[in-house]
Structure formats: C-alpha cells, structure tokens
Amino acid sequence: MPYKGETAGKGGHADFVRNPDVQAFLDECDYMRPPSDSEANAMAATFFAAPAGIPSELPRYVVASDASKSDTPINDKLPSTQVGFIKVSQVLIGMDSYAELVDPRSRFVDPFKAAEMHRNADALTFTLPGSNVRFQGAKSVKDGFRRAVFKQLSADRTRGGPNHAALSTVLLDINDGEIRVGHTASRAGQCPSCGAEHEFTFSASVQRKNCPTCDETVFVTDWLRLHEDISDFGNNASAMTRMMNAIEHLLMVALIQQVFIADPRALGRMAFVMDGPLAIFGQPAKLHARIMAFLAKVNARLRDLDQEAILVVGLQKTGDVMDHANLLNRFLPNGVMRILDDDYRYRYIKGSDSPAENFGHETYYGQDFLFKTEKGRIFNFAVPYPFAVKSGDPKKFSSAKAELRNYGSLIARACDLIRHFELDLYESAIVPVALAHRHASISIVPGGKVLDIIAKTGLNKNL
Ligand SMILES: [Zn+2]
C-alpha cells in the first residue's frame, strides 16, 4: 500500500472482479471478507491495553533500514536484456536530533531540518545480471549471477572502518564459521552449476572452490540459493526481491554484530527498525533460523551483563495482517494491542481450515502484534522470538511464541518507540522508516559511522 497521497494505480481492477466468470470462481473460494459487526466486536474484545514503560523507555539511537530494487532493461531497444539493482539504506537517527526536527506547535517534521539530516545520504548498492546478461564470461546467466552475488557480498563495503566484515564473513559467523553448499540429509553437497555431488565446505579463509566435475567456481554465498530462481531469458524479478530481503536482514545482523563486538552494552541504547516482517522468504529462507540463533546469542550475553534484550522491530504497512487491521480498526478503542497467535491468524486472517502447526515455521524469526496507538493509528509490528531455535514439536513452539511473558520488556519498548515516532504525515509509518524511504537521513556503512558515533557520543557509557 502506498503512503496516503501516493497513487495506487489499480485501474481496471473493479471491472475485472465484476466479470461473471470471476464471480463464479470466487464463490468457490475462501478468502478474507470484512467481518460482521458481531464478529468484529468479538475479535476486538480479545485486545488488551497496550503496555507502556513508566517513564517511557526509549533508545538513544534508532537504526532504520529500507531497501528498494529495480529490474530494468539496459537499453530501450533491448527490453529482454536486464540488470537488477538493489539499494539498501541504513539510517541512524539520534533521538536528540529527531526532537529538533519536530515543530513543537504542529508535531510535523520540519522538511528543511530533515533535509539537513540527509546530507550524508549514502546507500549500499548491489548490481546483478538479469535475463540475457552473463557476468564475467560465465556460461549461463545463473552462474554469472552466483559470481556477482559472491563478488558483492564478499567485498569490503565498509570503507576500512574498524571491525569491518564482508557480508559473506558475517554469513559464515552466524553459521558458526562453517557453511556447506548443497548439503542435505541424503547428500554431502551439490554443485550449484552442474548438480554433481561433491562436498563444498567453506570457512572464513576458504570462500570459493572449483567443482571437480565441471570446474565452475562454487561460492560460499551459493548457500543462500538466490540463483535457483534465475533463468537465462525469464524475468528474474523474484530472485532480486529475495536477494533484497536477505541483504537487508544480513546488513542489520552485520551492524548488530559490529556494535556487539565493540561494546555489547551499547546495543541496549539502540533500536533497530526493519521495513517488513521479521522473516526471510523463498530460496534463502533458512537464513531466518541463523538470524534467530544469532539474536539469541546476543541476548544471552546481554543478560549476563544485566542488560535488556536487543530491540529489533519489524514494521509492516501492507499485507494481509494490515488488511485485517484496517477492517477491524473502527471496532477497536485507542491504546490496545494483541499478539497475533496462530489460532487468531488462521481463524480471522488466513481463512484456512488446514493451518500449519506453527505459522512461519520455515521463514519467520519474529512474532507479529497488532497495536492501535492512543492517538488511534494502527500498526502491525514484530519483535524477535525470544528463543534460539524452533526445536521439537512445532505445536509447542506455536504456543510458546504466543506467551506474552516470554517477551519481557520488548513489547512495551516497541510500543513506546512507535508512540514516540508516530507521525501525522504518514499512515502506519514511523519516522525512521519514512525518512529512510525518502532518503537516508544519516546513512551508515557497516563498521563505519556507527562505531564512531558510539565512541564520540559516549553511547557506551552508562548514564
Ligand atoms: Zn559442477
């Protein structure tokens, strides 16, 4: 859903739905319908007063990330020859400088002051071969794509900052230092180019190997399986979307890791805001489990240091949960919330009578909540599951993740953050995301600016 004021561009859609064939088809389908008043009131009755910190518990810095992509022909006359372009901005917002941006009379952000924050805008970009483009003489688009993914994820994008790490190394770190490509329960490994069975084990010092059968290079980043959706002549937009999603989350992990190494206590004074659910979809989905384990490791250390768990918030402004929230909105009083447990999700949102034992079992590392603020705006936010693994019975995990007390202070802190940044200018968006959308305010490169800021502002010192 575009922000209010942007055009949706859905011309012709009503005519199509009125078509009798389509109507007859829909009669045979289950799908989300607006609830009746009594249904909606029953749902609304399950919401409870949203918690708040007393006083409100706010971080000193917020890191927000935003990603965009384009998949375009390289030339108007060659529409089938495409390159993909992914841009990820990470924005650091000091709560002090945010306060200065807001006009105290109107509560609107002063656009001139915001523009000043943007002056260091600097997004990370990734360029990838699309249909009909072979990178570095590769024998297929797919092999060239693998090569380009490795080249860009193994490059030092940090411009020499302290504790820098290439994303391929971060990927190895969160896999406990070892990655095996094409490995399954029934085989030791598989070449992503020719499919021959060989073991391809990678470590920080060995991130590429040649296949003994076809002599193509196999890369540590092939573990993400992003290339599997690539075809020589087809539209590769979905592979680009998967890659964008994976990189956005991986960059957040890289940043958390760098701050963690520099000073774990600093993490307690920061919040990380992602645009979208805390989940990795499609071919690289298994990355979600590694991120979950990584965050649990960070939290274990923070607990040892007597610190609160790291606050990572996923904010979703579109999708079925937001559609549901918008339908329900007028039945909800202000200042209420609900955890989206699997029963509720399958009963009221998914419209499915054969629910999975644990929603998002292969993809999600965070739990969704619905929150209607005291000012009456509705948000779908997520915080990480407070567990290292989803081991054992999926049904047990499904109920464990729905227990509010397992989240400690995270829910109140997430609500406080949303309340603080709630912005009249945008619907269901909070300032960091809105700023990142328009332009990075202070964009950061992993290992670079954030660590300088920690050092210079005393973020590492207890107040
Ligand atoms: Zn091979």
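Biologist: Is Cys-194 buried, exposed or partly exposed, and at what relative accessibility?
Modeller: This is a predicted model, to begin with. In it, Cys-194 counts as partly exposed, because its relative accessibility is 38%. The cut-offs for that class are 20% and 50%.

Biologist: And Cys-211, buried or exposed?
Modeller: Cys-211 counts as buried, because its relative accessibility is 2%.

Biologist: Which residues coordinate the zinc ion?
Modeller: Cys-191, Cys-194, Cys-211 and Cys-214 do, each through its SG atom. The distance is 2.3 Å.

Biologist: Where do Cys-194 and Cys-211 sit in the chain?
Modeller: They link distant parts of the chain, 17 residues apart. Cys-194 is in the loop between strand E5 (179-180) and strand E6 (201-202). Cys-211 is in the loop between strand E7 (208-210) and strand E8 (217-219).

Biologist: How are the donor residues spaced in sequence?
Modeller: The pattern is C-x2-C-x16-C-x2-C.

Biologist: What arrangement do the four donor atoms make?
Modeller: A tetrahedral one, because the angles they subtend around the zinc ion are 105 to 114 degrees.

Biologist: New topic. How many helices and strands does the protein have?
Modeller: There are 15 helices and 13 strands.

Biologist: What share of the residues is buried?
Modeller: Buried residues are 51% of the 463 in the protein.

Biologist: What about contacts across the sequence?
Modeller: Take contacts between residues at least 6 apart in sequence. Of these, 73% join residues at least 24 apart.

Biologist: Is the crossing left-handed or right-handed?
Modeller: H6 passes H8 in a right-handed crossing.

Biologist: Which residues meet there?
Modeller: From H6, Phe-145, Val-149 and Leu-153. From H8, Ala-239, Met-240, Met-243 and Ile-247.

Biologist: Last one, Val-312. Where is it found?
Modeller: Val-312 is in strand E10, residues 311-316. Val-312 is buried, because its relative accessible area is 0%.

Biologist: What is Val-312 in contact with, its neighbours within four places in sequence aside?
Modeller: Its contacts include Met-252, Ile-256, Phe-272, Met-274 and Leu-278. Leu-295, Ala-382, Val-383 and Pro-384 are among them too.

Biologist: How far apart are Val-312 and Met-252?
Modeller: They are 60 residues apart in sequence. In space, the C-alpha to C-alpha distance is 9.4 Å.

Definitions and conventions: Residues numbered from 1 in each chain as written. Predicted model: local features only at pLDDT ≥ 70, side-chain atom pairs only at ≥ 80, totals over all residues. Heavy atoms only, no water. Donors = N, O, S within 2.8 Å, 3.2 Å for Na, K, Ca; no water. Tetrahedral: all angles 85-135°; square planar, octahedral: opposite > 155°, others 65-115°. Helix = DSSP H or I, 4+ residues; strand = E, 2+ residues; numbered from the N terminus. Buried < 20%, exposed > 50% of the residue type's maximum accessible area, 1.4 Å probe, protein only. Left-handed = near helix turned anticlockwise from the far one by under 90°. Contact = heavy atoms within 4.5 Å.
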